[in-house]
Amino acid sequence: MKRLISFALAILAVCALLVLGSSQLQAANGVKADHN
Amino acid sequence: MKMYGWHWRHLYLIFVFALLYAPIFYLLFYSFNQGTTMTHFIGFSWRHYAELFADTRMIQIVLDTLLIALLASLLATIIGTLGALVIYQVKRIWLKNSLLSLNNILMVSPDVIIGASFLIFFTFFGFKLGFNSVLLSHIAFSIPIVVLMILPRLNEMRQSLVDAAMDLGATNWQVLSRVVFPFISPGILAGYFMAFTYSLDDFAVTFFVTGNGFETLSVEIYARARQGISLEVNALSTLMFLFALILITGYYLLTRYTTTKRRQRRYQLEAKIKP
């Protein structure tokens, strides 16, 4: 049970990193689109 | 004669694997092409990889796709595990079979039908298409896969295990967390990874519910392929193939390591017990 919960938490941590990365890129893309 | 049979068996295997991997290796090979087409190999170049890493939109789509796949499969695994436990607990055979049939219908239904029905559902209720609609639809089509992966494991579990825990004074929660979940955890993990794979490569359902402003990798590649496929897609495919290869190798090495460790511990324990 503990292993499953830690697995789920690890996935959630990866998801948080992906959200962060995606929002950064989205902001960068928005700036690029504005320049174009 | 024996040698002859051995030879043909291997030849057949080589043929099958060549058939499976030839298109992938063709794709990988041309990702290093200096030119822009997949017909003539001009020379070796990292050009398409450089273009890929400069394409922030594509990188963002890759991250979004991974996010959707990870999150949808996690939520589908939680819901599917609870669903499988409920189906397992049902005593009436007709009800159990009906629930299983309802679960299996979703598995065999064409993706186009599921995608179209989700689109109608979301638009009927005025739900905005985008990240949330894709996530919800991916969760929905992944749940039957998880249930199918966990139910056989639950059926394998002997009722005496649960009865013994109850006799020893375990509460319902303790039975679930210390007996049932550890027993079905390989099924849960298998279900999670199956759901992840299904979600990652889904095209049809996503195509219907993706809306405007949010895209997954499969939909983006389809959109780009309509304008003539760019070798940037080949570079991305190569990286994803390598990523999958590393994951599988890592999983294999981890499994081998834990099996060896477990065996060693058992031998040590047996050596201690023996006089």
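Predicted model: local features only at pLDDT ≥ 70, side-chain atom pairs only at ≥ 80, totals over all residues.
Let's begin with chain A. It has 36 residues, and buried residues make up 19% of them. As for secondary structure, you'll find one helix and zero strands in chain A. Its accessible surface comes to about 2,700 Å², and 68% of that belongs to carbon and sulfur atoms.

Now look at where chain A meets chain B. Here 16 residues of chain A are in contact with 20 residues of chain B. The size of an interface is often given as the accessible area lost when the parts come together. For chain A and chain B, the buried area is about 1,600 Å², with carbon and sulfur atoms giving 78% of it. On the chain A side, three residues stand out: A:M1, A:L4 and A:L18 supply 34% of the area that chain A buries against chain B, more than any other three residues. What about polar links across this interface? The rule finds one residue pair in polar contact between chain A and chain B, both at pLDDT 80 or more. Salt bridges across the interface of chain A and chain B come to zero.

You can find B:I59 in helix α3 of chain B. Setting aside neighbours within four places in sequence, B:I59 is in contact with A:L25 from the other chain, as well as with B:L52 and B:F53. B:I59 counts as partly exposed because its relative accessibility is 23%, and buried would mean under 20%. For a sense of distance, B:I59 and B:I42 are 17 residues apart in sequence, yet their C-alpha atoms are 27 Å apart in space.

Salt bridges are the next stop. Side chains of opposite charge can pair when their charged atoms come close. Over all chains, the count comes to seven salt bridges. One of them joins B:D55 and B:R224, with the closest N and O atoms 3.1 Å apart. B:D55 lies in the loop between α2 (47–54) and α3 (56–89) of chain B, while B:R224 lies in helix α10 (residues 217–226), so this pair ties together parts that are 169 residues apart in sequence. Are these two partners buried or exposed? B:D55 is buried, at 16% relative accessibility, and B:R224 is buried too, with a relative accessible area of 15%.

B:E232 is buried, with a relative accessible area of 8%.

Then there is the salt bridge between B:E215 and B:R57, whose closest N and O atoms are 3.0 Å apart. This pair also links distant parts of the chain: B:E215 is in the loop between α9 (204–209) and α10 of chain B, B:R57 is in helix α3, and 158 residues separate them. B:E215 is partly exposed, with a relative accessible area of 22%, and B:R57 is partly exposed with 37%. Step back and these pairs belong together: salt bridges that share partners join B:D55, B:R57, B:E215, B:E220, B:R224 and B:E232 into one network.

Not counting residues up to four places away in sequence, B:N33 touches B:H40, B:F41, B:I42, B:G43, B:S45, B:H48 and B:L231. A polar atom of the B:N33 side chain also lies 3.1 Å from the backbone nitrogen of B:G35.

Finally, turn to the outside of chain B. B:L13, B:F17, B:L20, B:Y21 and B:F25 form a nonpolar patch on the surface, with about 500 Å² of accessible area together. Among them, B:F25 is found in helix α1 (residues 2–30) of chain B, and B:F25 is partly exposed, with a relative accessible area of 47%. Another residue to look for is B:E156, in helix α6 (residues 131–156) of chain B. B:E156 is exposed, with a relative accessible area of 52%. From B:E156 to B:F29 the C-alpha to C-alpha distance is 46 Å, and the two are 127 residues apart in sequence.

Conventions: Residues numbered from 1 in each chain as written. Chains lettered and ligands numbered in written order. Heavy atoms only, no water. Patch = residues over 30% accessible without salt bridge, like charges linked within 9 Å, V, L, I, M, F, W, Y side chains within 5 Å. Areas by Shrake-Rupley, 256 points an atom, 1.4 Å probe, with all protein chains shown as cover. Salt bridge = Lys/Arg side-chain N within 4 Å of Asp/Glu carboxyl O. Helix = DSSP H or I, 4+ residues; strand = E, 2+ residues; numbered from the N terminus. Buried < 20%, exposed > 50% of the residue type's maximum accessible area, 1.4 Å probe, protein only. Contact = heavy atoms within 4.5 Å. Buried area = accessible area lost by both parts, 1.4 Å probe. Polar contact = N/O pair within 3.5 Å; in protein donor to acceptor, adjacent residues only side chain to side chain.
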